[in-house]
Amino acid sequence: MKNRPVTIKDIARKLNISVSTVSRALRGSSDINPETKKVVLDLAAELDYQPNTIALSLVKSKTNIVGVMIPDITIPFFASAIKGIQEVASAAGYNVMICQSGESEEIEKNNTQALLSSRVAGLIVSVSGQTKNFDHFRNVQRRGVPLVFFDRVPEEIEAAKVLADDYNGAFKAVEHLIQMGNKRIAHLAGPELLKLTQNRKRGYLDALQKHNVPVDPTLIIHSEFNRKKAYEATNQLLDLPNPPDAIFAISDRVAIGAIMALKDRNKRIPEDVAVVGFGNEATSSILDPALTTVMQHPSEMGRIAAQLFLEQVNTDPEKYVPKTEVLNTELILNKSSKRL
């Protein structure tokens with residue numbers, strides 16, 4: 001037994017009782033003699049018996065595992081969201097299995113299939129920036145597996161969703177830049193397929209329109225959520241005949257890439273170019289200058305996503321109606337945008 005996991009059969013053999021008696025004792029069945037149950041549990045602990053979760057999943061058709069799929073775990077927003085998910089899931093007796101799509105539709109599809117094959121109890125997902133076809137998530141629903149989307153949510157799928165008020169967050173950020181006296185405000189936008197990209201861009205455009213600031217298409221660049229691409233896009237903006245005096249970035253990570261480019265070009269922040277991000281990552285406040293950003297409460301978003309999963313699990317499928325929860329955003333003012 002030293003070279004393989006202990007099984008129910010091993011316990012039954014040592015105690016000279018049936019496998020079914022051991023199984024019922026381990027499950028806590030009320031029809032087992034208390035003394036027999038204690039002997040079984042004591043020996044199981046002594047032998048370090050671990051339940052075979054794969055075998056159990058075959059019997060139950062599901063596990064106590066919640067699959068969580070995100071684009072990139074190195075992004076602080078997603079790390080905080082996972083923490084919130086885990087808090088709620090663990091309290092309800094569920095474990096969390098995390099997958100990354102790497103912003104790839106193909107990897108996202110493969111991960112979804114792998115999680116379904118593992119008989120997860122449900123999926124909590126933030127979609128990749130490249131995903132155009134959502135049939136793999138429709139397949140999740142066809143199988144009756146609870147599905148919740150958070151932050152990056154597809155309009156094409158009717159499911160439980162939790163997201164930030166991206167439109168108003170962007171509107172407040174750009175309006176602040178205008179109030180600081182900026183007239184040529186660039187927008188480093190995200191992947192065009194994402195709904196949050198569209199909502200933040202719409203907030204940017206509406207703020208300009210409200211304050212009669214002309215929209216210049218050359219000041220809008222769609223890119224990915226990484227510093228390198230943001231750095232390149234910022235240099236592209238600075239090379240314009242009439243460069244921007246402010247930048248509104250789709251995320252803090254993108255804003256940091258912009259700041260790096262501005263500093264390499266000897267631009268003063270905010271005197272020459274003001275910068276505002278989105279996300280309120282922990283690093284934002286320790287930058288020089290500290291970054292003005294939009295708080296979107298990722299831990300709370302994760303907690304609500306997990307609660308929506310539990311609600312779906314505990315509701316009759318025929319009576320379940322998916323909810324969409326929208327969290328308020330908050331503008332956090334710092335020196336990167338305030339011309340004093």
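Predicted model: local features only at pLDDT ≥ 70, side-chain atom pairs only at ≥ 80, totals over all residues.
Biologist: Which residues make the contact between α10 and α11?

Modeller: From α10 come R227, A230, Y231, T234, N235 and L238. From α11 come R253, V254, I256, G257, A258, M260, A261, L262 and D264. They divide into 9 nonpolar, 3 polar and 3 charged.

Biologist: Why is α6 called roughly parallel to α7?

Modeller: Helix α6 (residues 105–117) and helix α7 (residues 135–142) cross at roughly 15 degrees. The cut-off for roughly parallel is under 35 degrees. Roughly 15 degrees meets that cut-off, so α6 is roughly parallel to α7. Their axes come within 9 Å, and the crossing is left-handed.

Biologist: Which residues meet there, and how do they divide by type?

Modeller: E108, K109, T112, Q113 and L116 in α6 meet H136, F137, N139 and V140 in α7. The contact holds 3 nonpolar, 4 polar and 2 charged residues.

Biologist: Where does Q296 lie?

Modeller: In the loop between β10 (293–295) and α12 (298–313).

Biologist: How do you know whether Q296 is buried or exposed?

Modeller: The relative accessible area of Q296 is 4%. Buried means under 20%. The value of 4% is under 20%, so Q296 is buried.

Biologist: What is Q296 in contact with, leaving aside neighbours within four places in sequence?

Modeller: Its partners are F77, D151, A164, D166, R200, F278, G279, M301, L327 and T329.

Biologist: How does the radius of gyration of the protein stand against that of a compact globule?

Modeller: A compact globule of 340 residues would have a radius near 20 Å, but the protein has 25 Å. The C-alpha atoms fill a box of roughly 85 × 40 × 30 Å along the principal axes.

Biologist: What is the secondary structure, and what share of residues is buried?

Modeller: There are 12 helices and 12 strands. Of the 340 residues, 51% count as buried.

Methods: Residues numbered from 1 in each chain as written. Heavy atoms only, no water. Contact = heavy atoms within 4.5 Å. Helix = DSSP H or I, 4+ residues; strand = E, 2+ residues; numbered from the N terminus. Nonpolar A, V, L, I, M, F, W, Y, C, P; charged D, E, K, R; others polar. Rg over C-alpha atoms; globule rule 2.2 N^0.38 Å. Buried < 20%, exposed > 50% of the residue type's maximum accessible area, 1.4 Å probe, protein only. Axes fitted to C-alpha atoms, helices over the stretch in contact; angles between N-to-C directions. Parallel < 35°, antiparallel > 145°, perpendicular 65-115°, else oblique. Left-handed = near helix turned anticlockwise from the far one by under 90°.
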